[in-house]
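Student: I'd like a close look at just one part of this model. Could you pick one and go through what it pairs with, what it touches and how open its residues are?

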Amino acid sequence: MKATVYVTIKANVLDPQGNAVREALHALGFGEVGRVRIGKFMELELNTDDRAQAEARVREMCEKLLANTVIEDYRFELEG
């Protein structure tokens, strides 16, 4: 089974990396770019066919390591 995990900065948290990317895009002539938010994308291969167990384990992974839940939100999708 494959888990796809998306981690993003919470909407109310400043994103200095996103601001730097926006400014660089403006400097390159892409002035139409507004807000930029930077996040993380991960693919995990799981050795289980039990969907409920996979959901619980991925949620636990996100809470313990993959996302800093104080400043980040996460979501995930399971395939297989």
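Tutor: Let's settle one term before anything else: a residue is buried under 20% relative accessible area, exposed over 50% and partly exposed in between, using a 1.4 Å probe and protein chains only. Bear in mind that this is a predicted model, where local features need pLDDT of at least 70 and side-chain atom pairs count only at pLDDT 80 or more, while totals for chains, interfaces and linings use all residues. Residues are numbered from 1 along each chain as its sequence is written, and side-chain values use heavy atoms, leaving out hydrogens and water.

My pick is strand β1, residues 2-9. Helices (H or I, at least four residues) and strands (E, at least two) are DSSP runs, numbered from the N terminus.

Start with the sheet. Its three strands are arranged β2-β1-β3, an open sheet with antiparallel pairing. β2 and β3 are the edge strands with a single partner each, so one side of each has no neighbour in the sheet. From one strand to the next, the twist averages 15°. Axes here are lines fitted to C-alpha atoms, for helices over the stretch in contact, and angles run from 0 to 180 degrees between N-to-C directions. Strands count as paired if DSSP finds at least two bridges between them. β1 has seven bridges to β2 and eight to β3, again antiparallel.

Now for some actual partners. On the β2 side, K2 sits opposite E45, and V7 has K40 as its bridge partner. On the β3 side, T8 faces D73. A helix comes in as well: α2 packs on the sheet and touches β1, β2 and β3, its direction making about 155° with that of β3.

K2 is partly exposed, at 22% relative accessible area. K2 also makes a salt bridge with E43, with 3.6 Å between the closest N and O atoms. E43 belongs to strand β2 (residues 39-45) and K2 to β1, so this pair ties together parts that are 41 residues apart in sequence. By salt bridge I mean a side-chain nitrogen of Lys or Arg within 4 Å of a carboxyl oxygen of Asp or Glu. The structure has seven salt bridges; elsewhere, R57, E60 and K64 are linked in a network of them.

Next is T4, also in β1, and buried at 4% relative accessible area. Beyond neighbours within four places in sequence, T4 is in contact with F41, M42, E43, R75, F76, E77 and E79; contact means heavy atoms within 4.5 Å. Two residues on that list, E77 and R75, form a salt bridge with each other, their closest N and O atoms being 3.1 Å apart. Both are partly exposed, E77 at 36% and R75 at 47%.

As a rule, nonpolar side chains in soluble globular proteins tend to be buried together.

Last stop is V7, another β1 residue, buried at 1% relative accessibility. Not counting residues up to four places away, V7 touches G39, K40, M42, L66, A67, E72, D73 and Y74.
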